[in-house]
Amino acid sequence: MNSVSPSQITSLMVFLKTVPFRYTIVRHKSSSLKKHLQKVKGDPFNDKKRGEFYRSRAAFKLLEIDEKFHLFNKNCHNIVDLGFAPGAWSQVAVERLGDKNFTILGIDINQATPYKGCHYIQGDVTKTSTHTKTKDFFTDEDGLTQPLDLIMSDMMVNCTGHDHYDHIGNMELCNAALILAFNQLRAGGNMVMKAWQGSELKLLEARMKVLFLKQHAFKPHSSRSESSELYFIGLGKRDLQHKVLLSDLFGDLEEVGKLQRSVR
Ligand SMILES: C[S@@+](CC[C@H](N)C(=O)[O-])C[C@H]1O[C@@H](n2cnc3c(N)ncnc32)[C@H](O)[C@@H]1O
C-alpha cells in the first residue's frame, strides 16, 4: 500500500476547505407521529389560521357549547375556569363577554400565563386549599363573597391510554368541580364540565341532576369522534340551601337517585 506523504495531507486539507460543506438531516417519523399526522390531516379544527388565533383547539369546543347553551349571557360576571392552561377557554370567555363587566379566575395544577384581563392561581382542584383560595379571591375587604355565575371545567388527567383508569381519574376531577359548584356557584348559576365515558358516568349525571334544574350531555363536533370525552352542561343551579348536604350528593347511585327525586 502506498503511504501518504505529509505534503499530500496538507494539499488534501487545502482542497477540502474549498469544497462547500453540505449535510442532510434525515428525520425518521416514528409510528406514533405518523398516526398523529394522519389524525390531524383533514381536521377542520386544526386549521392553521384559526389555531394560531386561539391558545388551543379546545376553544372550538367551548364556542360550540356556547352557541347551543348560551353560557356567556347577561347574568354571567364571575367565572372560574378549572384546568385553564394554556388558556383558550378564558380567551373565548373574554371574546364572548366583550365589554361586559366580568372577572375570570383561571386555576391550573401547572404553571401557566393568565390570558389578558384574567387572573390565575396555580392549584390542584382536588385540594380543599384551592377551593379556599378561590373563595378568598372573590371575597372583598369587608368579607363579602361574590358567588360564582359560571364554572367551566376542561380539566383532564394525564392520559394513561387505559380508558378505565383515565375515566376514574377524570371522575375525581369532576367530583372536585361539583364540590366547588355545590359550595360556591350561586342559585341559578351554570356549569360546563368535561367528562370521560365509563362506568361511573351515570352517577355523575345523577349528581348533576340533583344540582341543576336542567342538565345535558353534549359531544361537540370539534371533539374527535374517537375520543372518549364529552361535556356535561348544568343550567340553573337549584337552591339547595338547608335541603341537601354535600355528603348526600356523594352517596351511591341509588341514594343519589332518591335525592334527585326529593329535590324536584
Ligand atoms: C385539556 S387541558 C385544558 C385546556 C384549556 N381548557 C384551554 O382551553 O386551553 C386540561 C388541563 O387540566 C389541568 N389539570 C389536570 N388536573 C388538574 C387538577 N387536579 N387541578 C387543576 N388543573 C388540573 C391540566 O394541567 C391541563 O392544563
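What covers the buried residues of H5? I began my notebook with this question, and I worked on a predicted model.

**Entry 1: helix H5**

I looked up H5, which spans residues 88-97. Its buried residues are Ala88, Trp89, Ser90, Gln91, Val92 and Ala93. The cover over them includes H4, E1, E2 and E4. Just past the end of H5, I found Gly98 with a positive phi of about 55 degrees. In the loop between E1 and H5 sits Pro86. The peptide bond from Ala85 to Pro86 is cis, and its omega is near 5 degrees. I noted for comparison that most peptide bonds are trans.

**Entry 2: the whole protein**

I then stepped back to the overall counts. The protein has 10 helices and 7 strands. It has 264 residues, and 30% of them count as buried. I also looked at contacts with a separation of 6 or more: 67% of these join residues 24 or more positions apart.

**Entry 3: the sheet**

In what order do the strands of the open sheet stand? I read the order as E3-E2-E1-E4-E5-E7-E6, with 7 strands and mixed pairing. E3 (119-122) and E6 are at the edges, and each has a single partner strand, so one side of each has no neighbour in the sheet. On average, neighbouring strands of this sheet are turned by 15 degrees against each other, direction ignored.

I reminded myself that strands of a sheet pair through backbone hydrogen bonds, either parallel or antiparallel. I then checked two pairs that involve E7. E5 and E7 run antiparallel and are joined by 6 bridges. E6, residues 212-218, pairs with E7 in the antiparallel sense, over 6 bridges.

Which residue of E7 is the bridge partner of Ala217? I found Phe232 there. Met193 also stands opposite Phe232. Val192 stands opposite Ile233 in E7.

H4 (residues 58-69) lies across E5, E6 and E7, and runs at about 35 degrees to E7. H6 lies across E1, E2 and E3, and runs at about 165 degrees to E2.

**Entry 4: the core and helix H7**

Next I looked for the largest nonpolar core. I kept in mind that in soluble globular proteins nonpolar side chains tend to be buried together. The largest core here holds 52 residues, and Leu82, Trp89, Ile151 and Ala177 touch the most other members. H7, residues 163-184, gives the most to this core, with 7 residues.

H7 has 22 residues, and it reaches 31 Å from its first C-alpha to its last, close to the expected 32 Å. Which residues of H7 are buried? I listed Asp166, Asn170, Leu173, Cys174, Ala176, Ala177, Leu178, Leu180 and Ala181. What covers them includes the strands E1, E4, E5 and E7 and the helices H6 and H8.

I followed Ala177 further. Leaving aside neighbours within four places in sequence, its contacts are Leu82, Val125, Ile151, Ser153, Met155 and Met193.

**Entry 5: Lys194**

UniProt, in an unreviewed entry, lists Lys194 for "active site". I found Lys194 in strand E5. Is Lys194 buried or exposed? It counts as buried, because it has 22 C-beta neighbours inside 10 Å. Not counting residues up to four places away in sequence, Lys194 touches Ser153, Asp154, Met155, Met156, Glu229 and Tyr231.

**Entry 6: Asp149**

Asp149 lies in strand E4. It is buried, because 22 other C-beta atoms lie within 10 Å. Beyond four places in sequence, Asp149 is in contact with Asn75, Cys76, His77, Asn78, Ile79, Arg186 and Gly189. I also noted Asp149 and Leu71, which are 78 residues apart in sequence and 9.5 Å apart in space, C-alpha to C-alpha.

**Entry 7: two histidines**

I ended with backbone angles. Most residues other than glycine have a negative phi. His70 has a positive phi, near 50 degrees, and lies in the loop between H4 and E1. His70 counts as partly exposed, because it has 13 C-beta neighbours inside 10 Å. His242 has a positive phi near 65 degrees and lies in the loop between E7 and H9. His242 is exposed, because 6 other C-beta atoms lie within 10 Å.

Definitions and conventions: Residues numbered from 1 in each chain as written. Predicted model: local features only at pLDDT ≥ 70, side-chain atom pairs only at ≥ 80, totals over all residues. Core = buried A, V, L, I, M, F, W, Y, C linked by C-beta atoms within 7 Å. Buried ≥ 20, exposed ≤ 12 C-beta atoms within 10 Å, placed from the backbone. Helix = DSSP H or I, 4+ residues; strand = E, 2+ residues; numbered from the N terminus. Contact = placed C-beta atoms within 7 Å. Expected span 1.5 Å × (residues − 1). Pairing = 2+ DSSP bridges. Axes fitted to C-alpha atoms, helices over the stretch in contact; angles between N-to-C directions. UniProt positions renumbered as here; feature names shortened; annotations may be inferred.
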